[in-house]
Amino acid sequence: MSEVVKIKKGLDIKMVGKAEHTLQVSKSSDLFAIKPTDFHNLTPKLLVRVDDEVKVGTALFQDKYRPEIKFTSPVSGKVVAVNRGERRRILEVVIESDGKHDVLEFKKGSAATLSADEIKENLLGMGLWPFIKQRPYGIIANPETKPKAIFISGFDSAPLAPDYAFILKDQLSSFQTGIDLLAKMSGAPVHVSLPAGQDSPLKQVKNAKLHTFAGPHPAGNVGIQIHHIAPINKGETAWTVGPQEVAMIGRSLENGHLIAEKIVALAGSEVIKPQYYKTTLGASIKEIVAANIKDGNVRYISGNVLTGTKISKSNFLGFYDSLLSVIPEGDYYELFGWALPGFGKFSTSRTFFSWLTPNKEYRLDTNYHGGERAFVMSGEYNKVVPMEVMPVQLLKAILAEDIDAMEQLGIYEVIEEDFALCEFVCTSKIDSQEIIRNGLNLMIKELS
Amino acid sequence: MDGLRKIVDQLKPTFSKGGKLAKLESTFEAFETFLFVPNKTTHVGSHVRDYMDLKRTMVIVVLAMIPALLFGMYNVGLQHSISIGETWSIMDSFLFGLIKVLPIIVVSYVTGLGIEFAFAQVRHHEVNEGFLVSGMLIPLIVPVDVPLWMVALATAFAVIIGKEVFGGTGMNIVNPALTARAFLFFAYPAQMSGDKIWVEGLSQGEGIVDGYSGATALAEAAAGNMQNLPSVAEMFFGTIIGSIGETSTFAILIGALILLYTGVGNWKIMLSFVVGGFLMGTLLNVFATDTNPYMSLPAYQHLFLGGFAFGAVFMITDPVTAAQTERGKWIYGFLGGFIAILVRVVNPAYPEGVMLAILLVNVFAPLIDYYVVKGHVKRRMKRFAVKA
């Protein structure tokens, strides 16, 4: 075991409604969808039409500029809708399951029996490739490049985060197979990061370099881990894969067809019984949330409350998400809210009396708690970004579209999730994540 | 609460786009958000946000200034009573001061906020809270005898030239309150310096005790009359002559505790400012000559005199005009304190150096940051070289 990396900066936001360690097999949903909007910088090219029959693994759409990257159906059945948004942008391809699980077969095997090219072919064909993201930019990895390393964060430190030790408890052999496959395909070292102070089942993983991280969120963010293990310089590429997705890769290739089952945590203050559900990639959340949500105006978030996507209660799980958060909407007025003592108001500053109760779990809502202003306070962001990066200076370089300064200040090492806490603590209510994504898009555009 | 909300909701269409009074939308919004934290919910990025906002920040700073303000009011009465040779009760002194100081506060706020509202309206922005603090700072750093029209003019100058031309709160280069003070100092030197303006009624000169001077401790020291300096206890607790809110180091320290504890004020800047001032004071002690007795004033007493404490706690720490980088803050604060005492003692033209020193380092803050960021980039590059 290598030594523990101690993350000092950051913030654990304690919220009510963490999922309990019980696993419920969700009533199988009828509708599933793959959403092109889950992928940054993707121009989808549709490959199916409404009413087409699809099998598990049939390609629904592909990347227009990298056609080998396909996005496939997680279930067998029929395409029932292609929902579009503004300017006919494809929002989601919806499939109705026929419950038969007809699968598209691929060559089955393990890292020992398949060649590197065959593994890559399988991942691309089954639609598992999009699980591999690349740094810089946090976009789907380019199959042509060779990464310097693959990084897998074995835990999540975000508010209400799912416990991967629980999720992966019974998938360890698949996880190991996934690691072996990724290592063989890329020819690059695989790094797995584990939380300190927890007896993670992932400790037994072989064929990977294990690292231990201690400290508050964002210690579990893979970007922070890369930064401390082997920072990305200009011209370098690293790949990242989520832990549950590694297991899915292992399981699917072993069996020779896509097995898109996954375990998702349902959490948040507005959930009656927060727990884990066994479901399928892209499933409608309707069955999961049915009769398990408290009354009132709530927000459903696919992902965590810092970086997730707002969805409706009949929409679908995000491609990369293993968490569904449900929190109250904050669309209310509060008389003299800024002047009250604020005993129950969570804040990193001690201007609210909530500092008296540091271990309390809060029922946070979606109110901005103030209006957007220019940068006034300084040093706030530094306290929550555990990287050798100056957050405000980087954001300002992005706003000025100064490519050189962005490079120097570390644009290659960050994606928006690393700045989510900046956004949370910001007195001026500046939307840092959006700025970072715009900066990344600018870099992609300028450097391609 | 519901009733009040109803009234606001009824009024809202009138002030919104298309309404009769749409021209006053920003003004209406300012009052609405003053009453109610808005119902706006997050739509991009993080779904939850900290309860902290700029209003809260500014209110904490104003709160931190209250001890200095209350003591300042009392001291106005106290100094006046001394000048006319009477002994007043604490309450009498305070009420006298209240009546004298309140108009200055009102003029400062009305002028400044009026201009802020107008600019917000023209720009279709929300009204920024920055002036809540500046509007209180200005009365605290002027002499009590200042004519109200001068306060209005200086405030207008500070808000327009010091802040709005740069784009409003968050964009300004120099501290607006100090800009106002500097404007007074340079535009009306005859009225704003000398020994007559620091005590209420002295410039009219009615009923003043024979031989009463009204000079501030700094003026006495600059003139070399070291024997006329108040005792250290008087300096610290602030029963001395000076600008309204800056005499009592003790009251200012209470404010400092509030700012530091809540994290609104930056401890690095405050500390380094004090260290800088103390070090300069000590240096002067070392090189003190008989011809300039001021130089041998014990370094720690410099910290109690004039606007040093007030500057350290409320002025140099303004996050907008200070250095933004952590390392830069140390350099910035230190330079501020260092130069403040240097100007104070060595330059005979200005009895107080704090204002000018802070304005000067305000201007240098971006340069300091520039070099700190450059160093940071260098360190980043080195990191790659080692690990790669």
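Tutor: Before we start, one definition: two strands pair if DSSP finds at least two bridges between them. Keep in mind that this is a predicted model.

Student: Got it. Which residue of β1(B) does Leu335(A) stand opposite?

Tutor: Start with the strands. β21(A) and strand β1 (residues 36-37) of chain B pair in the antiparallel sense, over two bridges. Within β1(B), the residue opposite Leu335(A) is Phe36(B).

Student: Let's look at the whole contact, then. Which element gives the largest share of the side of chain A that touches chain B?

Tutor: The contact takes 63 residues from chain A and 53 residues from chain B. Elements giving two or more residues to chain A's side include β18 (298-302), β21 (334-335) and α9 (420-425) of chain A. The largest share is four residues, and it comes from α9(A).

Student: And by class, how many charged residues does that side of chain A have?

Tutor: Sort that side of chain A by class and you get 26 nonpolar and 24 polar residues. The charged ones number 13.

Student: β18(A) was in that list. Which strands are at the edges of its sheet?

Tutor: Here's the order of the open sheet in chain A: β2-β17-β16-β20-β18-β19, six strands with mixed pairing. An edge strand here pairs on one side only, and that picks out β2 (20-25) and β19 (309-311) of chain A.

Student: So what is the bridge partner of Ile301(A) in β20(A)?

Tutor: β18(A) pairs with strand β20 (residues 323-328) of chain A in the antiparallel sense, over five bridges. One of the partners in β20(A) is Pro328(A), which goes with Val298(A). For Ile301(A), the partner is Ser325(A).

Student: Which residue takes a positive phi in the hairpin of β18(A) and β19(A)?

Tutor: That hairpin has six residues between the strands. The positive phi, near 110 degrees, belongs to Gly303(A).

Student: Last one: are the residues on the two faces of β18(A) buried or exposed?

Tutor: In a regular strand the side chains alternate between the two faces of the sheet. On one side of β18(A) sit Val298(A), Tyr300(A) and Ser302(A), and on the other Arg299(A) and Ile301(A).

Technical notes:
Residues are numbered from 1 along each chain as its sequence is written. Chains are lettered from A and ligands numbered from 1 in the order in which they are written. This is a predicted model: local features need pLDDT of at least 70, side-chain atom pairs count only at pLDDT 80 or more; totals for chains, interfaces and linings use all residues. Two residues are in contact if their C-beta atoms, placed from the backbone, lie within 7 Å. Ala, Val, Leu, Ile, Met, Phe, Trp, Tyr, Cys and Pro count as nonpolar, Asp, Glu, Lys and Arg as charged, and the others, Gly among them, as polar. A residue is buried if 20 or more other C-beta atoms lie within 10 Å of its own, exposed if 12 or fewer, and partly exposed in between; C-beta atoms are placed from the backbone.
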